[in-house]
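Okay, thanks for coming, everyone. Let me put the structure up and walk you through it.

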Amino acid sequence: KFASRFLIQCFFLFFPFTKELARVRVFVRVRPKNDEDLLSGGDSFECVELQPELKRLKLRKNNWNSESYKFDEVFTESATQKRVYEVVAKPVVESVLNGYNGTVMAYGQTGTGKTYTVGQLGKEDPSECGIMVRAMKDILANTSPGSFTVEISYLQLYLESVQDLLLPEKNNIPIVEDPKTGEVSLPGSVVIKVQDLYHFVQLLQIGEANRHAANTKLNTESSRSHTILTVYIHKNSQGKAGSEPSSLARDTKIGVPVQNGVATILKSKLLIVDLAGSERIDKSGSEGHMLEEAKFINLSLTSLGKCINALAENSPHIPTRDSKLTRLLRDSFGGYLYCASLSSRHLTVHDLGHSCCHKDWTYEKATLGVPQVSEIGSARTSLMITIGPSARNYAETASTVMFGQRAMKVVNMVKLKEEFDYESLCRKLECQVDYLTAELERQQKSREDDREEMEKKLRDCRNSFAELEKDLVSRSEFLENENSHLQLEIRSTFDELKLQKDHNDLLNDEVARLEVTLEESKENHLENSTYQKVLADTTQMYEKKITELIEELEDEHACFGIAQEELHVVKKVLSDYQTSFPVGEMKIHGQNEIDELRLKLREICELYKKTVQEFQSLKTENEELMFQKIQEQNEVAELRMKVQESFQLHEKTLKELQHMSRKNEDLISEQIQGENEIKKLTVKLQEMSNLHEKTVNELQSLQAGQKTLLSEKAMLDEELCKTKQRMSVEEKQRKYLEDENAKLIKLVDENDGDSECKKQHLNGITGEISSGFGTPMSLLKLHQPRESISGQKATVAKIYDEVGLPKIISMLSSEELEVQTHAVKVVANLAAE
Ligand code: ADP
Ligand code: MG
C-alpha cells in the first residue's frame, strides 16, 4: 500500500518538474467584500470558495452544483500586495532582468481589483503599492545607471486606437512589427528614461491624470480601455560586464552576450497590462453604446480570448492580427506559449501562426547574426485573474475563471499526451522507484552524516562548554579578587579622604581665625588713620600757636628795642639836662625832674623787667611747646611705624590667607577628585558585578543549550531509528513490488504464446475492478462473486469507453490508500496487457 501510494505521488510530482518552468502562470485573486456586497448580503451562499493549500478555486453555481479549478496560486481576500507581487510578478521581473521579455496582465470584471493589483501607487500606504511600482523598484535596484538604461512608455488602448498617456496629443499611434524578427514597436510613442522611483511614480500619476482627462473628454469609462506600461531595459554597449544583473557570459569581441555559444540580445522589455473590464465581452452593442464604440469596444479582449483559446487547443491558426492588443502582446505573450514545451530559453520562434503547426516541437538555435530571435522566444507571462466574492456576479466570475482556465490548459494538453503512454509510465515509475531508493539511500547517508556532524558538534560544544566553564571560574575568581582589591582601595581612599577632610576643617578654622585677625587689623588701621588725622590736626594747631607766639615774641623784641632806644634817648636827655642847667637852681628843679624821671625809669624798668619776664615765660612756654611738639612728632612717627607694622602684618596675613585659600581650593579639588574616583570605582565595581552576573547567566544558558543539544541529539537518534525502520519497511515493500513486477512480466511472457489464456487472465483482473468501478470505494468490494467471462469482456470494454483513464488517475489521487492500491493494480495490469 505504502509503495503504491508512494509511486502515485511520484507520478504526480514528476510532470510539474519538467513543465513548470515553461508555462503561462495563471493566478486568481478575490477582492474583499465591499459595502455593496455587504449591503446586498442576501446571498444565501458564497459563490467562490478558495482552497489555497490545494491552489484550487471552487465555483458554486448553487448549493448542489460546484466545480473546482486549479491555478498556479489562489489569493484570498487577505493576500497582501507584497505577496501577490512576489508570486505573480517577481519571477517575470527577474527574467526580464536576465534579458527576456515578460508580461504581467490583469484580467477580470470591472471593480474586482485589476488596477489595485497592478497600478496602485500606494502614496498613502506603501504596503498597498501595486505590481508596477514594486517591479520598477526591483528593476532600479538591480540595474546600475551607468551600465543600463531603463525607459518606459505608458499607453492606453481604446476603441482600437493607441493613445500616449504621457503625451495625450499623440493619438492613433501605429503598431509596427519587424517582418523578420516579429519584434513589435510603436514609433511615435513617448519613451522616457526613468531616473528614480519617485520620477517613475510621478510619470504614472501624469499618465493616470491624462487618462482620466481623455476619458472625461470623450465621455467614456476608463474600464473600457486597456492601459499598457512598457519598461524597456537596455544594456549600454560601453557598460561593464560586472555590473550586469544576469549571470550570462559575454563575448567581448562581438559585444553580444553569449551563453553556450548562442547569442542573446541585451535588450528586454516588461509589459504590465491593466485590461479592460471582462464583463464587456458579451455585452457590447447590447447596452446602447454608440455604433463605433459597440463595434470596437471589446475587439481587443475578444481577440485575446480567441488567441488564448486557439493556443490552448493547439490550433493551426492564432488570430493575433485581429486586434491591436494581441498585436502588441504578440512578442511577449504568444512567443512564450510556443516555448512552453521546450525547456531551453534560446529558441527561435517563428510566426505564431506557424509555430503551432510544429507538432513535433522542433526548434532552431539563434545565430549570432540574428540575435533578436532569442529575445522573442524567451518571454515569461503571468496572468492575474481578479474576481469578486458576490454571487450576484456569478456569470461574470465564471466566465473570468474559464478564461484563466483556458490559459492554463495550454500546458495541460502537453501533459495529457504523455500520460496516456502506460509503458513509459511504467518505466518512469520504475525509474522513480530507483531514483527514490537512491534518494533514500542518499538521505540516509546524509542523515548519518548529519548525525555524525551533530555528534561532533555536540562534542565540540561540550569541550567548549568545559573550557568556557573553566574560563568562567577563573574569570569569576579574578573578578572576586579584583572586587576585594577594589573594596580595599575604596576603603583606603575613604580614610585618606577623611584625613583630608579633617585637615581641611583645620584649615578652614585657620582661615576663619585669620579672617577675624584681618578684620581686627582693618579696624586698627582705621583707628590709626583717625589718630593720625587727630595728630596732624593737633600738630597743625600747635605749629600755628608757635608761629603766633614767635610773632608775639618778635613784637615784644621790637617793643623792647624801642623801649631801650627810648631809654637811651631818656638817658641822653637826662645828661643833656644835667649839663645845661645851673647846679643850685637846677639842683632843686632838677631834683624834681630827676625824681620824676627816676620814677618814669623805674616804671619803664619794671615794664621792661615785666616784659623780659613775660618774654622768658613765653620762651619757656615756647620751648615746652616745642618739646611737646617733638614728643608728639615722635609719637606720630611711632604710630606711623605701628601702622606700617600693622600694614605689613595685614599684608602678611592676607598673603597667608590667600595661600590658605589656595591650599583649601586644592584640597577641595582633591576631595572632588577623590569623590569622582570613588564614583568611578563604584561604577567599575557595578560593572564587574554585572559582568559577573552576565557570566553566570551565560553559564546557565550554556548549560540550558547543552541540555537542548542533548535532547536534540536524543531526538535525532530516535528519528534515525525510525528512519531505519521505515527504510527497512520501504525496502521490503520495494522488494515486494519488484517481485510483483517480475511476476507480471513473467505472466506476460508466459501468456505471449497463449493469447487466449492471456485474455482470460486479463479479463479475470479487469473483471475484479469493473465489478464496482462507479465509485472509488466500490473497488474495495473484491470479495464479490466473479461474473462470467463474457460479462468480464463487456466490462473491460466499458472501462475503456466509459470510465477512461482520467477516472483511474483521479482514483490514483484519491485520499483512500486502498483505492489507490487498486488503481495501481489496474494500471499495472493495463500496462501488462
Ligand atoms: P478594477 O480595476 O478591476 O476595475 P479596482 O482596482 O479599481 O478594480 O478596484 C475597485 C475597488 O476595490 C477599489 O476601490 C480598490 O481599492 C478595491 N480593491 C480591489 N481589490 C482590493 C483588495 N485586494 N484589497 C482591498 N481593496 C481592493
Ligand atoms: Mg481598473
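Let's start at leucine 57, which touches Val28, Val48, Glu49, Leu50, Glu67, Ser68, Tyr69, Phe71, Val74, Ile387 and Val401, leaving out residues up to four places away in sequence. Contact here means heavy atoms within 4.5 Å.

This is a predicted model, where local features need pLDDT of at least 70 and side-chain atom pairs need 80 or more, while totals for chains, interfaces and linings use all residues. Residues count from 1 along each chain as written, chains are lettered from A and ligands numbered from 1 in written order, and side-chain values use heavy atoms, without hydrogens or water.

Leu57 and Phe71 touch the most other members of the largest nonpolar core, which has 41 residues. Such a core is a set of buried Ala, Val, Leu, Ile, Met, Phe, Trp, Tyr and Cys residues joined through side-chain atoms within 4.5 Å, with buried meaning under 20% relative accessible area (1.4 Å probe, protein chains only). There's also a second, separate core of 38 residues, including Val88 and Leu229.

Now, which residues surround ligand 1? Among them are Arg29, Pro32, Gly113, Lys114, Thr115 and Tyr116, each with a heavy atom within 4 Å. Oxygen atoms of the ligand sit 2.6 Å from a side-chain N or O atom of threonine 115 and 2.7 Å from a backbone N or O atom of tyrosine 116.

How far do we trust it? The average pLDDT, the predictor's confidence per residue from 0 to 100, is 75 for the protein. Over residues 1-21 it stays under 50.

Definitions and conventions: Buried < 20%, exposed > 50% of the residue type's maximum accessible area, 1.4 Å probe, protein only. Polar contact = N/O pair within 3.5 Å; in protein donor to acceptor, adjacent residues only side chain to side chain.
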